[in-house]
Amino acid sequence: MNILVIDDEMLSLGLLTDLVAREMPEEKIFPFTSPVDAIEFAKESSCSAVFLDIHMREMNGIQTAKVLRESNPDIKIIFVSSDPQLQDMVTDIPGNSYFVKPITSANIATVVNKYELLSAS
């Protein structure tokens, strides 16, 4: 199973990628600082979920999510942001979750269980 992690800040991307990899050790994790590059990758690869920052310079996370959903309606989108006020705007859509930074292993575990994101072993 391919999992995308998108955040334009390298430190945040690294921390989030490490947490996702720790909770999902059997899955393929693909980190991107560029939403545009991630979208191009997703068009060529089957991705089951994306951990997605909302505030990014090149393209915000909400725009990125819309484009990803156009090519893959079943992708699970897990928004991560330092802004708790955005939660209501993004969680009304099925298949979306939202966590306020800093995200924890417990947050990742919740999403993994909710969406059954682990490959069958």
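Contact is taken to mean heavy atoms within 4.5 Å. The structure is a predicted model, in which local features need pLDDT of at least 70 and side-chain atom pairs count only at pLDDT 80 or more, while totals for chains, interfaces and linings use all residues. Residues are numbered from 1 along each chain as its sequence is written, and side-chain values use heavy atoms, with hydrogens and water left out.

Among contacts in the chain between residues at least 6 apart in sequence, 61% join residues at least 24 apart. The chain contains five helices and five strands, where helices (H or I, at least four residues) and strands (E, at least two) are DSSP runs numbered from the N terminus. Along the sequence these elements follow the pattern β-α-β-α-β-α-β-α-β-α. The radius of gyration of the chain, 13 Å, is close to the 14 Å that the globule rule gives for 121 residues, so the chain is as compact as a globular protein of that length. This radius is taken over C-alpha atoms, and the globule rule is 2.2 Å times the number of residues to the power 0.38. Along the principal axes, the C-alpha atoms fill a box of roughly 35 × 30 × 30 Å. Of the 121 residues, 45% count as buried (under 20% relative accessible area, with exposed over 50% and partly exposed in between; 1.4 Å probe, protein chains only).

Helix H2 (residues 35-44) and helix H3 (residues 61-71) pack at an angle of about 10°, and their axes are 10 Å apart. Axes are lines fitted to C-alpha atoms, for helices over the stretch in contact, and angles run from 0 to 180 degrees between N-to-C directions. H2 and H3 are therefore roughly parallel to each other (angles under 35 degrees; over 145 counts as roughly antiparallel, 65 to 115 as roughly perpendicular and the rest as oblique). In this pair, Pro35, Ile39 and Ala42 of H2 meet Thr64, Val67 and Leu68 of H3. The residues of the contact divide into five nonpolar, one polar and no charged.

The buried residues in H2 include Pro35, Ala38, Ile39 and Ala42. Seen down the axis of H2, its buried residues fall within an arc of 100°, so they line one face of the helix; the arc is that of the directions from the helix axis to the C-beta atoms. The cover over these residues includes strand S1 (2-6), strand S2 (28-32), strand S3 (47-53) and H3.

In H3, the buried residues are Gly61, Thr64, Ala65, Leu68 and Arg69. Seen down the axis of H3, they fall within an arc of 130°, so they line one face of the helix. Lys66 and Glu70, on the other side of H3, are exposed. The buried residues of H3 pack against S1, H2, S3, strand S4 (76-81) and strand S5 (96-100). Ala65 counts as buried at 7% relative accessibility. Not counting residues up to four places away in sequence, Ala65 touches Leu52, Ile77 and Phe79. From Gly14, Ala65 is 51 residues apart in sequence and 20 Å apart in space, C-alpha to C-alpha.

Leu19 is found in helix H1 (residues 10-23) and, at 11% relative accessibility, counts as buried. Leaving aside neighbours within four places in sequence, Leu19 is in contact with Ile103, Thr104, Ser105 and Ile108. Leu19 and Ala49 are 30 residues apart in sequence, and their C-alpha atoms are 15 Å apart in space.

Technical notes:
Nonpolar A, V, L, I, M, F, W, Y, C, P; charged D, E, K, R; others polar.
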